[in-house]
Amino acid sequence: MWRGGFVDCHCHLSARDFQEDVEEVIEQAKQSGVAAIVAVAEYSEEFERIIELSNRYHGFVMPCLGVHPVQGLPPQDQRGATLQVIFGFQTTTVNYRNQKKLQRELALSQLSLAPSLKSSLLNVHSRSAGRPTINLLKEQVYLGAEKVLLHAFDGKPSVAMEGVKAGYYFSIPPSIVRSEQKQKLVKQLPLDSICLETDSPALGPEKQVRNVPKNISISAEYVAKVKGVPVEKVIEATQQNALTLFPKLQKFLRL
């Protein structure tokens, strides 16, 4: 039997924004009906923190490790990540404007790790590169790109539909309430290709206001509004989609 509950498929619980009150944030999420959080990394330095959180909140926080292709702020300090950063080594400084090739190589490197880790799931951010990313994933199926979640997808709905045909999923953040692009995207996407996320502390319903996991209900409610279906149907469908992507969540959700 299905049990209700939101699954936040992409959340930065290890971010500095949550250092002071992560316990309160998690408790509020639970009280708001969140059943599980997939905690993702942006930097290799976050790996240990994410594992610690997954151990402390066993059965609620699930780790998802990887690195963002662009490391460091402000812009003059930005550098491209390399495969070595995944294993804790120092990255090489490069010109930010010349990183497309490097980012592609990093994506391929992380893809190649999937078989050795016995994982076929990719949690992907394709900022301003929707079509190239989907094309890359489709080209590299042999490397293990079997289950793909495109988080915060900012491309055209027509491009997203190419991903749907390939069996990919798309997670929708609370920022949909202020994003015409996300609203158009949800209109086109079938419900069985949609997951929910918060991308906390980013992509909240209000600009420059810290986003938190409990706001995932905003995503669900807006998707329900666009699709013209009860919010319960959205919660159930997105949970099942999350289970397809993350089979280990069955233990979290006690199914």
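In this predicted model, the axes of helix 8 (residues 216–227) and helix 9 (residues 231–245) come within 8 Å and cross at roughly 115 degrees, where axes are lines fitted to C-alpha atoms, for helices over the stretch in contact, and angles run from 0 to 180 degrees between N-to-C directions. Helices (H or I, at least four residues) and strands (E, at least two) are DSSP runs, numbered from the N terminus. Helix 8 and helix 9 are therefore roughly perpendicular to each other, given that angles of 65 to 115 degrees count as roughly perpendicular, under 35 as roughly parallel, over 145 as roughly antiparallel and the rest as oblique. On the side of helix 8 the contact (heavy atoms within 4.5 Å) is made by A220, E221, V223 and A224, and on the side of helix 9 by V231, V234 and I235.

Helix 8 also meets helix 7 (residues 180–188), and the axes of these two helices come within 9 Å and cross at roughly 60 degrees. That angle makes helix 7 oblique to helix 8. Helix 7 contributes Q183, V186, K187 and Q188 to the contact, while helix 8 contributes Y222, V223, V226 and K227.

From the helices we turn to annotated positions. For "binding site", an unreviewed UniProt entry lists H10, H12 and D199, with positions given in the numbering used here, feature names shortened, and annotations that may be inferred rather than shown by experiment. Although these residues are spread over 190 residues of sequence, they cluster in space, the largest C-alpha distance being 7.0 Å.

H10 lies in strand 1 (residues 6–11) and is buried, with a relative accessible area of 6%, where buried means under 20%, exposed over 50% and partly exposed in between (1.4 Å probe, protein chains only). Leaving aside its neighbours within four places in sequence, H10 is in contact with V38, V40, N123, H151, E197, T198, D199 and S200. H12 lies in the loop between strand 1 and helix 1 (22–31) and is buried, with a relative accessible area of 11%. Not counting residues up to four places away in sequence, H12 touches F18, V40, A41, E42, D199, S200 and P201.

Residues are numbered from 1 along each chain as its sequence is written, and side-chain values use heavy atoms, with hydrogens and water left out. Because the model is predicted, local features need pLDDT of at least 70 and side-chain atom pairs count only at pLDDT 80 or more, whereas totals for chains, interfaces and linings use all residues.
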